[in-house]
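Please open the model in a viewer and follow the stops below in order.

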Amino acid sequence: MTIQHVVFIILSAIALIGALGVVLSRRLFRSAIFLVLSFVGVAGFYILLEAGLLAMIQLLIYVGAIAILIIFAIMLSRQAMVADDKVLNEQWAPGGLVAVLLLAALVYVLVQVNWQVVEGAVPPDSIQRLGQSLVSSNGFVLPFEVASVLLLVALVGAVIIAREK
Amino acid sequence: MQVPLSWYLVVAAALFCIGLYGVLSRRNAIGILMGVELMLNAVNVNLVAFWRYVDPLRAAMTGQVFAIIVITVAAAEAAVGLALIIAVYRNRRTVDVTQVDELKL
């Protein structure tokens, strides 16, 4: 049991408690706060996996942008601090059953499989490689450009859809 | 001694299934969107864990690039989804998805 294992267990506790809080909390505003907790736990996973840039992106985009956007939407759409009397629809029991069965099947398979793990440290210039891979023609320049067009379309679309007539 | 790969995969599977339960059981459209965000996060943990453990040395950095693309699509999805929810709320005064069912036969 090394320090990495301990950190991993703490991070998974943060991420999973946050996720459970999101789906179980009766007040939507609290769900959003738990969602931030879960995002921070996942950012910790990225740091543990030596993907520092991705951890920063996670904090900036998910915690900084998406969570704030969700909180804004909650504030705009109803009284945020009031607990709903009915938060679940009538199919929550089969839905929960599906989720539990899927989790059991996934865990069974994931533990059974013998993963072919490559030993080796992450190269020190990994962020530089990531940047070059995103814009080089034998890398991922096409998905990169399509993603930027998608962001532009989503920006314009969100403004038009949410605009008051 | 590193954490085994399967630990990451199991935690990501748990995150995914919690998000799935949220999507299937919530009445509020914003709650459903939060469940979708949890599921996308779980997928990203899987992608980065596979990059780190299976393919850390190749120059293309495939797993991290995929994770960045997924984050981009998630941001676009959240923006458009929340705009739709605001528009529905403006017309119907509710974000309860069981009440918004004109397209149902």
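A salt bridge here is a side-chain nitrogen of Lys or Arg within 4 Å of a carboxyl oxygen of Asp or Glu. The model is a predicted one, in which local features need pLDDT of at least 70 and side-chain atom pairs count only at pLDDT 80 or more, while totals for chains, interfaces and linings use all residues. Residues are numbered from 1 along each chain as its sequence is written, chains are lettered from A and ligands numbered from 1 in the order in which they are written, and side-chain values use heavy atoms, with hydrogens and water left out.

**Stop 1: the whole interface.** Select chain A and chain B together. The contact (heavy atoms within 4.5 Å) draws 82 residues from chain A and 72 residues from chain B. About 7,200 Å² is buried between the two chains, 76% of it given by carbon and sulfur atoms; buried area is the accessible area (1.4 Å probe) that two parts lose on being put together, summed over both.

**Stop 2: the salt bridge.** Between chain B and chain A the count is one salt bridge. Select R52(B) and E50(A): these residues form a salt bridge, with their closest N and O atoms 3.0 Å apart.

**Stop 3: the chain B side.** Select α1 (5–25), α2 and α3 (62–92) of chain B, the elements that give two or more residues to the side touching chain A. Helices are DSSP runs (H or I, at least four residues), numbered from the N terminus. The most comes from α3(B), with 23 residues. By class, this side of chain B has 54 nonpolar, twelve polar and six charged residues. Ala, Val, Leu, Ile, Met, Phe, Trp, Tyr, Cys and Pro count as nonpolar, Asp, Glu, Lys and Arg as charged, and the others, Gly among them, as polar.

Stop 4: Axes are lines fitted to C-alpha atoms, for helices over the stretch in contact, and angles run from 0 to 180 degrees between N-to-C directions.

**Stop 5: α3(A) and α2(B).** Select residues 52–77 of chain A and residues 29–54 of chain B, helices that pack at about 170° with axes 11 Å apart. Hence α3(A) and α2(B) are roughly antiparallel (over 145 degrees).

Note on methods
Angles under 35 degrees count as roughly parallel, over 145 as roughly antiparallel, 65 to 115 as roughly perpendicular and the rest as oblique.
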